[in-house]
Amino acid sequence: MHLETRKLLTITTEAALEQSVLEDLDRLGAHGYTIVDARGRGHRGSRNASWDLTSNIRIEVVCPEQVAEAIVTHIREHYYANYAMIVFLSDVDVLRPEKF
Amino acid sequence: MHLETRKLLTITTEAALEQSVLEDLDRLGAHGYTIVDARGRGHRGSRNASWDLTSNIRIEVVCPEQVAEAIVTHIREHYYANYAMIVFLSDVDVLRPEKF
Amino acid sequence: MHLETRKLLTITTEAALEQSVLEDLDRLGAHGYTIVDARGRGHRGSRNASWDLTSNIRIEVVCPEQVAEAIVTHIREHYYANYAMIVFLSDVDVLRPEKF
Amino acid sequence: MTSSIDPIVLFFLLGLIAGLLRSELRLPQAIYEFLTVLLLLAIGLKGGIELAKQPFGELLMPLLAVIIMGTMLPLVAYPILSLVGRFKRADAASIAAHYGSVSVGTYAVAIAYLGAQQIDYEAYMPLFVVVLEVPAILVGIVMARGVSRDTDWGKLAHEVFLGKGVVLLMGGLFIGWIAGPEGVEPIAPMFFDLFKGVLALFLLEMGLIAASQIGGLRRYGLFIVGFGILFPLFAATIGTVLGWMLGLSTGGTILLATLAASASYIAVPAAMRLTVPEANPTLSISASLGVTFPFNILVGIPLYHQFVNLIQNLGG
Amino acid sequence: MTSSIDPIVLFFLLGLIAGLLRSELRLPQAIYEFLTVLLLLAIGLKGGIELAKQPFGELLMPLLAVIIMGTMLPLVAYPILSLVGRFKRADAASIAAHYGSVSVGTYAVAIAYLGAQQIDYEAYMPLFVVVLEVPAILVGIVMARGVSRDTDWGKLAHEVFLGKGVVLLMGGLFIGWIAGPEGVEPIAPMFFDLFKGVLALFLLEMGLIAASQIGGLRRYGLFIVGFGILFPLFAATIGTVLGWMLGLSTGGTILLATLAASASYIAVPAAMRLTVPEANPTLSISASLGVTFPFNILVGIPLYHQFVNLIQNLGG
Amino acid sequence: MTSSIDPIVLFFLLGLIAGLLRSELRLPQAIYEFLTVLLLLAIGLKGGIELAKQPFGELLMPLLAVIIMGTMLPLVAYPILSLVGRFKRADAASIAAHYGSVSVGTYAVAIAYLGAQQIDYEAYMPLFVVVLEVPAILVGIVMARGVSRDTDWGKLAHEVFLGKGVVLLMGGLFIGWIAGPEGVEPIAPMFFDLFKGVLALFLLEMGLIAASQIGGLRRYGLFIVGFGILFPLFAATIGTVLGWMLGLSTGGTILLATLAASASYIAVPAAMRLTVPEANPTLSISASLGVTFPFNILVGIPLYHQFVNLIQNLGG
Ligand SMILES: Nc1ncnc2c1ncn2[C@@H]1O[C@H](COP(=O)(O)O)[C@@H](O)[C@H]1O
Ligand SMILES: Nc1ncnc2c1ncn2[C@@H]1O[C@H](COP(=O)(O)O)[C@@H](O)[C@H]1O
Ligand SMILES: Nc1ncnc2c1ncn2[C@@H]1O[C@H](COP(=O)(O)O)[C@@H](O)[C@H]1O
Ligand code: NA
Ligand code: NA
Ligand code: NA
C-alpha cells in the first residue's frame, strides 16, 4: 500500500462565508473540499445553528503543504479579524497523491 | 507562518448528552467546541439517527494537552460505563495558539 | 492516562454507497464507524447535496493498522475507478484500545 | 361502532412492514420533529378551545386522582419486572417509569378514533396527558436510586417541565383557551383540518421506528412481549375503573384507559437516560415502541372501548 | 381546452430561472424528500380509492402490454445512443434504462393537467407507474453487462422493489383501496387538497435542480439535447398508440403517453449507480432532468394531448 | 376594531417564553427555512392576483416615494447611533441599514392583522417590501466605507437582487399576476388557507430566536432597547404621513407605517456580514430581533393603526 503524506486543513467558520471561502480555495490551488454543517462556540460566542445567521460550516481540504500554507495565509489576512473562525492543520496519508 | 501544536479531542456520543458534556467542557477549561450531527455503530449497537434517541453528535475540541487530559479523565469516569461514546486524540497545528 | 495509537480512516464518498461500504467495513473487521452527511467538490465535480444523488457522506473508522490497510485495499479495488471518493488515514490516540 | 379499520392505522402498518422488509423508506428527522410539534400543538389547542367554552371548576379532583394513578402504576410494574422478569434494579425502575407515563402518539390515535366514531370527551383531557407525564419519572428515579443526594432535582425539574411535550401541550392549551373558538379559526386549516393527515404521516414514521426496535426484542426475549401486552391491559382496566368512578363520559373514560395503557417513548427515555444511565435504554424502548405502541394502536383502543361499554353496562 | 398556462408550471420556471441566475434560493433536502413522499402517497391513495369504486377484472392485459412497452423502449433507445450518439456500452445502457422507466414528477404534473381540464382517466394508472419503473432497470443492466454472474440479483430486486417510490405508491394504493372514499376523507385535506400546492413546491425545487444539470449539458453536447426531446416524442407516440389499442380513455391515453415519454431521475439513477457504476451518472441525469423533464412539463403534456385527439379522430 | 389578541401573536409569546426559560423546544432549521419560503411565496402570490384584477398605472410615483423613504431612514438613524449611541462607524452604519430595510415576518403579521379586521389594502404592497429591502443596504455600505473601490458592486447586486427574499416575493408576484385568481385557486389551500397556520409556526420559532438574542442586549445595554423602540415609532410616523400623502387606503397606510417601523433580520444581516464585516452582527441582530420585532408584533401594529386613524381624522 503506497501512501503519501498531505496536509489536512480544517476550517470552521460562519455559514455566510461559504461562497467566499470556496472561491478562495479554488483560486489558491485546492483540488477539492468537503463541507459539513456544524454549530459551536468560541470567542465570538455561541453559534447554535437555530437559523442561517448563527450556523457554522466545517470545511476540510486535503492538499500539499504549500497550498495549505497559501490558504492559511490568505485566510488569516482576510477573515480572522472579523469573522468567527478557527483553522487547524494536521498530516494525513493519502492513497492517490496525484489527486490532491 | 507561525504554528503551534495543540490537541484535537474528538468525542462521538449520544445526542442526549449534549448539554451535559458541553457544561463539562466549559468547566474543564475548553475555550470552544464544534458539533456536527452524526450517526453510527459501535459496541452499543446501531445508532441510525432516525429519531432523537438514536442520534449521535460528534464534538471537536482544540485545546492544550492538560485540558485534553482533564476532559478525557472526567469523561471516562462519568460517561464511559453507561453511554455509547468514543473519544480520540490527535495533534493539530493552530495559528493563533492563544485562542485555545 | 493510558493511551494507545490506532488508525483513523476517513472516507468521503457518494451517499448511494452507504449501505455497500458499511457492509464492507463490517466484513473487514471494523468494530464501529461514524457517519455525517456532507457535500463537496473533487475530480468528479461538485456534489452540492441538493438531492439524494448529489449527496456525500463522510465515514470515520477508528481501527488497528491492519484493518485499515485491508479496508483501503478493498475500497481501492472496488470503488476508486467508478465513484466519487477520497480516503485518508491518520494516527489517533484512544483510551480503550480493546474497543477498536 | 363502525367496524372498518381507520386508514391512519394502515399508515402505521405500511411503515412497520416497510421497516421489517428493510425498505430504504424513511422520513427525514426534521420532518419527524415537525410532525411531532404539529400534533402536540393541535392536541393542546383542541383542549384549550374546549376549556374556553365551559367552566372547569371540578377539575381538581380528577387531576389529583389521575396523578395518583400515574404514581401507582410504576409501583405495580416494578415488582413484576423485578421478580418475574428478573431485571436488575435500574432496568426494572426505568421500564416501570415508561409504563407509568404516557404516549402522546397513542393519545392522538385515540382522539382520532373517537372523532371517527363521533364520541365526545371532556375538554380537559390534554391536561391529563401533561400531568401523567411527570409523576412516573420521579417514581422511577426514586425506585432506581432511592432519594439520593446525587440526583440534581433542579436540573431534573427543568428537563421534565420544560421538555418539548409539556411546553407545546401547555402552550397550545393556553393559546386555545385565550383565543377561544373564533380566535383559533384562522389557524384551524393547519392544526385541525390537517390533523389526521399529520397523524397518518407520523404513524408511518412510527411504524418504521417500531420495526427497528424489533431487533431489541429478539435479544431480550418473550417476557418483554408478554409484559408489553399484559401490563397495558391491566393498566387500561385501572384507567377504565377510575374514569367510571370519576364520572367521566364514555369518550373520556376511553381516553383515560388509553393513557393508562400507553407507555412513553419521548419524555421518559430522555429523562431516564440522564438520571438512571445504567438502565439499558434498548429494553424499555423495544417494549414501549416495539410492543405496546403497535398493540395499543392496532388492538388496544377498540378493546378499551369495549371495557368502557362493559363497565357502564355493569355499573349503570 | 383552456389555454392559460398552469401556475404549477410557473413554479418550475421560477426555480429554473433562479437556478440559472445562480440565486441563493434552495429548499432544504429534508423538505424535498418530504414533498416527494407526499406526492407518491397522494398518487397512490388517489388510485386506490378509485380502484375501490370499480371492479378491476380487465387489468391483466393492460398491465402486461405496458410491461412489454417498458421492456421495448430501452431496447430501441440503446442502439440510437450507441450508434448515433457513440456512447460507450455502459453509458448507452444506463441512459436507455432511464428513458424506459418513468418519472413520478412528470406523472403528477400530467394528472394535475387532466384535473384542470376535467378529463377523467382510469383508476389503475398508478399501477402503470409502478410496473413501468422496474423492467427498464433490468433491461439496462443486462444490456450493460450481459446476464453476468457478478450481478447480485437478490440485492437488486430488494433495491428495486423496496425503493421509496414503489413502497409509497403501492402502500398508498393499498391504503386507498382498503379504506375507500369515505375512509380516506379525514386525510383528504393533507393528501388531496394540498396536492397541487405540494406539486408547485416540488416543481420549484425541480427547477433549481434542473438548472444545476444544465452544466452537464454544456460538456456533453447537442446530441443529448436532441435525444432528450426526440426520444420522448417517439415514446409518447408509442404510448398513444398502445393506449388507443388498449381502449383507454382520453385521459388514460394521455397519461400512458406521458409515462412513456418521461425519464426516471430517482429509481433508475440509484439502481444504475450501484449495478453499472462505470456509467457516467452526469450524462443520464443531465438528459433526464436537464432536458426531458422540462420539455415534458412545459411542452410535452399538452402536445401528447393533441396526439391523443389526433389518433382518436383518425381511429374513431 | 376588535380588541382580542390575535392567536398568532400568542405563538410568538410561547416561543419567547419557552426560549427565556431555556426549554429544549426548537424547530429544525429545515422547517424554519420551509416556513419562510411559504410565507414569501404566499405574500407574493396574494399581491400578484390582486394586481391581475386591477390596472396598476399609478404605481411609479408611490414606488419612487417609498424608495426615497428607504434611503432617508438609514441616513436619519446613522447620526443618532453614532452621536447618541456612540457606536463606531461600521456598527452605526450597519444598524442604520437594518432599520432602513424591512422585515417580511412583521409584514406578514400586519397583513394577518388587517385580514382579521377586514381592512383592505393596495394590491401592490408586496412590491413595496421588495423595493424597500434594497436601498438601505446600499446606503449602509456607503456610510460604512464611502464609495470604496474595495466593494465588489457586481457581487453585491447579485447578493441583494438574487437573495431568497426578493426572488420568492417577485416570483410569487409574477406567478399570481400571470395565473390570476382562478389560476391560483388549486394552490390556494397550500398558500392561502394555511397562511395563518404557517405564520403561527414561524412566529413560534421567531420567539425562540428572539429569546436567544436577549443575551446580546444585556451586553450592549439600554441604548439599544431605547433605539429599537423609539426609532420604529419615528419611522412609523414617517410611513404614516407618506402613506397619507400618497393617498393610500387605511390598510395600505398601516402597512407602509409597519414596513417603515420594521427592521430587517434576513437580507441586511447577510449582506452586511459580507460587505461590512467589521460591524458586530450581535448589535444589529439583538436590536432588530430582540427588541424591534417583538415590539412591532406585540404593540406596534395596533398602534400604527391608531396613527393612521389619527392622521386621517386630522387630515380628512
Ligand atoms: N477550541 C475550539 N475547538 C473546536 N472548535 C472551536 C474552538 N473554538 C472555536 N471553535 C469553532 O469555531 C467557531 C468560531 O470560533 P470563534 O472565532 O472563536 O468564535 C466556533 O463557533 C466553533 O464552532
Ligand atoms: N471504531 C469506531 N470508529 C468510528 N466511530 C466509532 C467506532 N466505534 C464507535 N464509534 C462511534 O461512537 C458511537 C458510540 O460507540 P459505542 O459506545 O461503541 O456504541 C457509535 O454510535 C459510533 O458513532
Ligand atoms: N482535496 C480534497 N479535500 C477534501 N475533500 C475532498 C478533496 N477532493 C475530494 N474531496 C471530497 O471527496 C468527494 C469525492 O471526490 P472526487 O472523487 O475527487 O470527486 C468530493 O465530493 C469531496 O467531498
Ligand atoms: Na401509562
Ligand atoms: Na419512459
Ligand atoms: Na424599516
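The following legends describe close-up views of a predicted model. Local features are given at pLDDT of at least 70 and side-chain atom pairs at pLDDT 80 or more, while totals for chains, interfaces and linings use all residues. Residues are numbered from 1 along each chain as its sequence is written, chains are lettered from A and ligands numbered from 1 in the order in which they are written, and side-chain values use heavy atoms, without hydrogens and water.

**View 1. Helix 3 of chain F, residues 60–84.** Helices are DSSP runs (H or I, at least four residues), numbered from the N terminus. This helix of 25 residues reaches 37 Å from its first C-alpha to its last, close to the 36 Å expected at 1.5 Å a residue; the expected span is 1.5 Å times one less than the number of residues. Just after helix 3 of chain F, F:Arg86 takes a positive phi of about 60°.

**View 2. The buried residues of helix 3 of chain F.** Among them are F:Leu63, F:Val66, F:Met69, F:Leu73 and F:Tyr78 (buried: under 20% relative accessible area, 1.4 Å probe, protein chains only). The buried residues of this helix pack against helices 4, 6, 7, 12 and 13 of chain F.

**View 3. The sodium ion (ligand 4).**

**View 4. Chains D and F superposed.** In chain D, the C-alpha nearest the axis belongs to D:Ala30, 3.8 Å from it.

Definitions and conventions:
Helix = DSSP H or I, 4+ residues; strand = E, 2+ residues; numbered from the N terminus. Buried < 20%, exposed > 50% of the residue type's maximum accessible area, 1.4 Å probe, protein only. Contact = heavy atoms within 4.5 Å. Donors = N, O, S within 2.8 Å, 3.2 Å for Na, K, Ca; no water. Least-squares fit on C-alpha atoms with pLDDT ≥ 70 in both.
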